[in-house]
Amino acid sequence: MSVPNLDRRTLLASTALLGLGSWAAGCSHVGTPRDTLVQAFAFDDIITMDPAVSFEVSGGELLGNTYERLVGLDLEAPGQVFGVLAQSWQVSADGLVFSFQLKPERRFASGNALTAEDVVFSWQRAVRMNKTPAFILTQLGLTKTNVEERVRQTGPLTLQLEISKPFAPSFVLNCLTATVASVVDKQLLLSKAQGEDLGAAWLKLNHAGSGPWKLRDWRANEILVIERNEQFHGDKPSLARVIYRHVKEASTQRLLLEKGDVDIARNLAPQDLLALSKSQQIQLTQTPKGSLYYLGLNQRHPLLAKPEVREAFKWLVDYEAIGATLIKGIGLPHQNFLPMGLLGASSERPFRLDVDRARALLAKAGLEKGFTVSMDVRSVQPVQGIAEAIQQTAARAGIQIEIIPGDGKQVLTKYRNRRHELFIGDWGCDYWDPHTNADTFTRNPDNRDDAKSRPLSWRNSWEIPELTRQSDAAVLEQDPQRRIQMYESLQAEFRRSSPFVMIYQQIQVAGVRRQVQGFRIGPTSETTLMAPVSKA
């Protein structure tokens with residue numbers, strides 16, 4: 001895509017941000033344009049701008065700003081949703097049919113009217129294409145063969161969604177806040193279709209949404225520009241555009257922020273936060289995200305499968321020291337499989353570094369002399385530093401850990417095939433509902449090597465028929481308070497018996513220049529919204 005209509009000053013700024021020139025020959029630096037927000041942001045994970053295909057963190061943010069869904073997450077009330085395109089909705093007495101009434105007079109950025117036909121097309125399209133994020137919809141019982149009858153238009157602004165089981169209404173609605181449920185412009189996409197691709201080739205690089213912003217330009221690993229959508233039905237953004245500059249190094253982001261070349265730096269490291277906290281021109285903002293870092297113990301290993309050994313590892317992590325150093329400002333010690341902010345998340349933290357207790361547990365398991373085990377570690381920080389810290393504390397109890405470093409592909413391939421002994425890594429929520437993590441940490445319906453479902457519990461060979469049954473019951477629970485209690489119970493048992501040592505929850509931090517107002521990092525990528533942002 002090109003940027004033919006940007007004003008000269010913005011083009012000069014964009015060129016400077018790309019390192020291809022300066023504001024203008026002979027002109028002094030005066031900061032970023034007042035109507036333009038410029039962010040330093042590592043977005044090399046983006047592979048497409050199609051909401052039915054995108055499943056990357058950075059892509060989620062861009063699509064969350066440029067597309068709309070029927071419902072959205074209430075950032076002030078975790079677990080609650082509000083109507084975005086939906087004016088109202090009802091659930092049938094048997095819990096199987098959700099009926100939606102759309103808000104009238106909504107339009108896409110193209111100018112085309114947004115109707116129930118577009119919603120039906122969008123959801124059917126995502127299921128038929130069946131790309132990575134489609135499971136968020138297909139887990140509701142939608143398939144390529146039944147989606148046409150189960151997602152149906154009932155009027156110009158009304159539609160129905162029929163699901164396979166009486167899932168908790170909150171679960172269904174939370175799934176519909178995900179990027180894959182975004183509403184796309186049917187008329188525009190079909191006009192760009194190539195054969196039977198439903199417009200996929202064109203949408204990879206273009207825009208067909210109704211959000212407050214529209215995609216203007218995307219050059220992979222260089223620059224990404226969204227601009228105000230003048231067709232937007234709500235309060236339009238005060239800014240004309242937002243420019244994301246791809247900057248991978250945290251130290252470079254910090255320097256650009258300090259100089260005023262960018263308004264916001266998004267991928268800062270702990271050492272950068274300390275330096276920026278002393279600046280009068282910059283403020284720091286942070287939000288807990290849905291990513292958790294953990295240590296997994298493969299239950300195929302005869303020693304790691306001992307209950308006493310599983311518990312011993314939980315007493316051999318110096319959570320407080322890691323929190324005060326390696327993850328300071330970017331993480332918070334956390335010992336549950338639900339991140340804070342999700343419905344039913346527990347804040348219980350019973351474990352601390354206690355080498356004597358760990359030694360006693362090992363002795364009870366007949367391992368008073370300790371043992372040797374390997375740990376697969378991705379060669380990035382802070383994961384590598386945390387692995388080395390655990391290596392040191394475990395050695396005090398007689399457990400010798402051999403760290404096996406590797407890149408992401410190497411480490412994950414081994415882990416996904418259950419060939420690890422210990423593994424340290426992270427897990428992020430696929431959608432903002434507790435089932436997303438229960439589905440991987442406390443469900444393992446089939447522990448065989450050729451199992452179709454391969455959650456983290458499967459990767460660590462943790463056979464748990466009773467917890468699987470409880471997890472399946474929790475996602476069907478209609479009463480919200482009872483559902484919360486069920487997840488609290490699951491977390492308590494998980495802390496007690498699981499082969500997972502939960503270490504911390506990620507905190508996303510941004511450095512923001514003082515003239516920027518209204519910027520807020522959301523708990524999910526889709527909820528870091530640019531529309532409320534302005535510049536003084």
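A: Let me start with a definition: a charge sits over a ring if NZ of Lys or CZ of Arg is within 6 Å of the ring centre and within 35 degrees of the ring normal. Arg 418 lies over the face of Trp 458 in that sense, at 4.0 Å from the ring centre. The model is a predicted one, in which local features need pLDDT of at least 70 and side-chain atom pairs count only at pLDDT 80 or more, while totals for chains, interfaces and linings use all residues. Residues are numbered from 1 along each chain as its sequence is written, and side-chain values use heavy atoms, with hydrogens and water left out.

Q: OK, and what sits over the ring of Phe 41?

A: The charged end of Arg 266 does, 4.5 Å from the centre of the Phe 41 ring.

Q: How many aromatic pairs does a search of the whole structure find?

A: The search gives 18 aromatic pairs, where rings of Phe, Tyr and Trp (its six-membered ring) pair if their centres lie within 6.5 Å, and planes under 30 degrees apart count as stacked, over 60 as edge-to-face and the rest as tilted. Tyr 415 and Phe 423 have ring centres 3.7 Å apart and planes at 10 degrees, so this pair is stacked.

Q: Are Tyr 415 and Phe 423 buried or exposed?

A: Tyr 415 is buried at 1% relative accessibility, and Phe 423 is buried too, at 4%; buried means under 20% relative accessible area, exposed over 50%, and partly exposed in between, with a 1.4 Å probe and protein chains only. Ring pairs also link Tyr 415 and Phe 423 into a cluster with Tyr 294, Phe 337, Phe 441, Trp 462, Phe 494 and Phe 500.

Q: Switching to helices, at what angle do helix 11 and helix 13 pack?

A: Helix 11 (residues 307-314) and helix 13 (residues 355-364) pack at about 170 degrees, with their axes 8 Å apart. That makes helix 11 roughly antiparallel to helix 13, given that angles under 35 degrees count as roughly parallel, over 145 as roughly antiparallel, 65 to 115 as roughly perpendicular and the rest as oblique. The axes are lines fitted to C-alpha atoms, for helices over the stretch in contact, and the angles run from 0 to 180 degrees between N-to-C directions. Helices (H or I, at least four residues) and strands (E, at least two) are DSSP runs, numbered from the N terminus.

Q: Which residues meet there?

A: From helix 11, Glu 308, Val 309, Glu 311 and Ala 312 meet Ala 358, Leu 361, Leu 362 and Lys 364 of helix 13, contact being heavy atoms within 4.5 Å.

Q: And helix 2, what covers its buried residues?

A: The cover includes strand 1 (36-41), strand 8 (213-219), strand 9 (223-228) and strand 10 (241-246). Helix 2 (residues 57-66) is mostly covered, with 9 of its 10 residues buried.
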